[in-house]
Amino acid sequence: MAPKLNVYVTEETVPGAGDGPLAGRSVGVKDNISTKGIRTTCGSRMLADYVPPYDATVVKRLTEAGATITGKTNMDEFGMGTTTETSAFGPTRNPVDPTRVPGGSSGGSAAAVAAGETDLALGSDTGGSVRCPAAFCGVVGIKPTYGLVSRYGLVAYANSLEQIGPLAPTVSEAAELLDVIAGPDERDATTRYDDREGHPAETATYADAADGDVDGLSIGVCTELVEGADDRVAERFEAAVDELVAQGAEAKEVSLPSVETAVQAYYVIATSEASSNLARFDGVRYGQSGGYDDNWNQAFADSRASFGPEVKRRILLGTFALSAGYQDRYYRKAQDARAWIRRDFDETFDEVDVVASPTMPVLPFELGESLSDPLTMYLADANTTPVNLANLPAVSVPAGRADGLPVGLQLVGPRFGEKTIIRAASAVDA
Amino acid sequence: MTDYAVDEDEVRHVAALARLGLAEGEAAEFAGQFADILEYFEALDEVPEVDAEPELTNVLRPDEVDEGLTQEEALQNAPETEDGRFKGPRVS
């Protein structure tokens with residue numbers, strides 16, 4: 001018998017309302033996105049019994065569009081991981097090869113779509129958490145531009161980096177889901193464009209962009225992000241780019257030297273933000289109580305002992321990076337790297353329409369392979385983290401298989417250039 | 001070893017700052033891992049100074065009274081409550 005994939009933390013159906021654009025479609029929702037009346041654990045023992053009293057904005061949008069929610073999908077604890085193995089509810093397995101990880105942190109969402117347990121799914125992407133599992137499971141994942149989709153009701157890990165994004169079997173289905181979740185929300189100030197020309201999603205229909213027309217599209221192949229990739233991955237990547245060229249696109253090499261410090265900058269910034277965000281878990285308003293007899297500090301520390309090792313590691317790294325004497329060395333330099341990466345991308349988009357790379361530099365890990373060595377796991381985020389640091393949109397689309405395992409092609413676009421990357425990606429999976 | 005390697009005592013100090021209870025053996029394990037990770041972070045020393053163009057704009061709106069959570073909803077996830085309030089440990 002096939003081993004259980006363990007895609008859901010909680011399987012519970014919420015029917016959609018009426019016959020909107022997603023009527024008759026099922027959607028799995030990552031378990032860090034709040035669902036009123038359905039527990040939302042973030043893959044953590046800390047929140048094993050937490051039941052949100054309200055819906056996230058994207059959940060409201062889903063049900064109002066007619067979608068049926070199938071359950072809450074498994075994830076790395078608080079989104080911290082690249083394999084979905086740090087979940088307190090056990091690892092999710094990759095449907096393509098159950099001895100392998102599905103990627104993470106939205107591994108449950110990607111595996112659920114790949115296994116056909118749900119039509120579509122939502123994930124969240126802080127440093128690659130939608131694109132990585134999409135690549136590892138052989139499905140499509142989109143990380144929208146920062147500010148395109150409301151994060152109201154998303155349990156925060158690193159606010160300056162994260163976006164909620166769609167996962168689907170095809171580019172056009174992912175784009176349809178993006179059409180439903182994108183838009184302004186007065187409850188997430190990053191989606192407000194009151195003093196500009198309105199929110200970009202108000203005038204865009206992303207599904208219409210999935211027309212496969214890449215005639216004249218210029219693709220920049222990022223040399224730094226191809227050089228670091230496993231040969232088998234690079235081979236599939238190059239074949240996918242060749243296919244786009246055969247359909248009328250032009251490809252040329254582009255160099256973005258700044259992306260070589262993206263993993264470092266990402267882990268400094270994300271852990272710093274996490275150390276602050278996760279301070280809210282004190283076992284008083286929600287979470288595991290640390291008791292009432294000791295003093296406040298001890299009770300707080302006892303409550304937070306229920307975090308898993310990866311979450312503790314990141315809270316400690318972030319606290320360290322922000323502590324007196326180290327802030328200039330780590331946090332300030334990471335912000336410089338972030339600005340440098342952003343500038344490199346801006347300049348590159350003066351020359352090309354999209355930047356291409358393998359989504360992941362490696363094939364899916366075997367279960368347990370990377371758990372004892374956090375740095376190895378962090379390095380796997382080399383190609384995805386630059387996109388979050390630059391606040392840009394990116395899609396991961398299946399680019400065939402190597403040794404029987406899925407490889408993803410990542411296409412990055414300029415700010416709010418979702419239509420461009422969707423159009424290009426739709427030529428790959430057509 | 002680098003000049004900013006952390007030892008077990010440093011890990012315990014940072015854990016105390018973060019009010020984070022560690023399990024037996026975790027301080028030693030993390031200290032070893034942080035040595036590798038912080039050494040890797042050294043590449044940030046080579047990053048040029050970049051003028052980040054501020055993209056921030058203030059977006060203001062008038063305050064409006066809106067529906068919020070009820071007291072019952074706000075308390076429903078608390079491990080313990082007392083007289084309609086959150087119950088916390090002693091502050092002193």
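**Close-up views of a predicted model**

**View 1. F78(A) in its loop.** At 3% relative accessibility, F78(A) is buried (under 20% relative accessible area, with a 1.4 Å probe and protein chains only). This residue sits in the loop between β3 and α2 of chain A (helices, H or I, of at least four residues and strands, E, of at least two are DSSP runs numbered from the N terminus). Most residues other than glycine have a negative phi, and most peptide bonds are trans. The model is predicted: local features need pLDDT of at least 70, side-chain atom pairs count only at pLDDT 80 or more, and totals for chains, interfaces and linings use all residues. Residues are numbered from 1 along each chain as its sequence is written, chains are lettered from A and ligands numbered from 1 in the order written, and side-chain values use heavy atoms, without hydrogens and water.

**View 2. The peptide bond between G104(A) and S105(A).** This bond is cis, with omega about 10°. S105(A) belongs to the loop between β3 (68–73) and α2 (107–114) of chain A.

**View 3. N6(A) before β1.** N6(A) is found in the segment before β1 (8–10) of chain A. Although not a glycine, N6(A) has a positive phi of about 60°. N6(A) is buried, at a relative accessible area of 18%.

**View 4. Helix α9 of chain A.** Residues 309–321 form this helix of 13 residues. Twelve of the 13 residues of α9(A) are buried, so the helix is largely enclosed by the rest of the structure. Among the buried residues are R313(A), L316(A) and F320(A).

Conventions: Expected span 1.5 Å × (residues − 1). Buried < 20%, exposed > 50% of the residue type's maximum accessible area, 1.4 Å probe, protein only.
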